[in-house]
Amino acid sequence: MVNVDFSRAKLRWVEFRGLSLDRVRLPSNGEHIIIESFATILDKLLDVLRRQGDETAKGLVAVFEIARKWAPPIGRGVLNKYDLAEAGEDAVDRVLKLLQQFYI
């Protein structure tokens with residue numbers, strides 16, 4: 001994808017399978033989380049969440065395993081907070097806290 005503008009889109013349960021998003025404008029609102037080095041971050045999220053093992057963690061693992069399967073080795077990705085919230089009560093907060101740890 002080149003020069004596609006998703007800046008005003010609401011991407012619910014959307015996957016960009018194997019696509020580089022480096023030349024795409026992703027949504028710029030509070031509903032989405034834009035992640036640089038998407039595959040690497042997904043690996044880190046999966047590692048931590050698998051060890052947690054509670055129901056919310058299992059729901060997030062299911063979501064992230066699918067995303068990881070199709071994530072290009074290098075590039076950005078996007079997650080929708082409403083999609084993550086379906087994994088459990090504290091799913092969004094948990095993911096945001098983990099992302100803060102990974103980016104520090």
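What covers the buried residues of H4 includes strand E3 (32-35), helix H1 (38-52), helix H2 (55-70) and helix H3 (81-85). Helices (H or I, at least four residues) and strands (E, at least two) are DSSP runs numbered from the N terminus. This is a predicted model, in which local features need pLDDT of at least 70, side-chain atom pairs count only at pLDDT 80 or more, and totals for chains, interfaces and linings use all residues. Residues are numbered from 1 along each chain as its sequence is written, and side-chain values use heavy atoms, with hydrogens and water left out.

**Exercise 1.** Work out which residues of H4 are buried and which are exposed.

*Solution.* Begin with the cut-offs: buried means under 20% relative accessible area, exposed over 50%, and partly exposed in between (1.4 Å probe, protein chains only). By this rule Ala91, Val92, Arg94, Val95, Leu98, Leu99 and Phe102 of H4 are buried. Seen down the axis of H4, these buried residues fall within an arc of 160 degrees (taken from the directions from the helix axis to the C-beta atoms), so they line one face of the helix. On the other side of H4, Lys97, Gln100 and Gln101 are exposed.

**Exercise 2.** Describe where Gly77 is found and what Gly77 is in contact with.

*Solution.* Next, leaving aside neighbours within four places in sequence, list its contacts (heavy atoms within 4.5 Å): Leu21, Leu26, Ile33, Ile34, Ile35 and Phe38. Finally, note that the C-alpha atoms of Gly77 and Gly18 are separated by 10 Å, although these residues are 59 residues apart along the chain.
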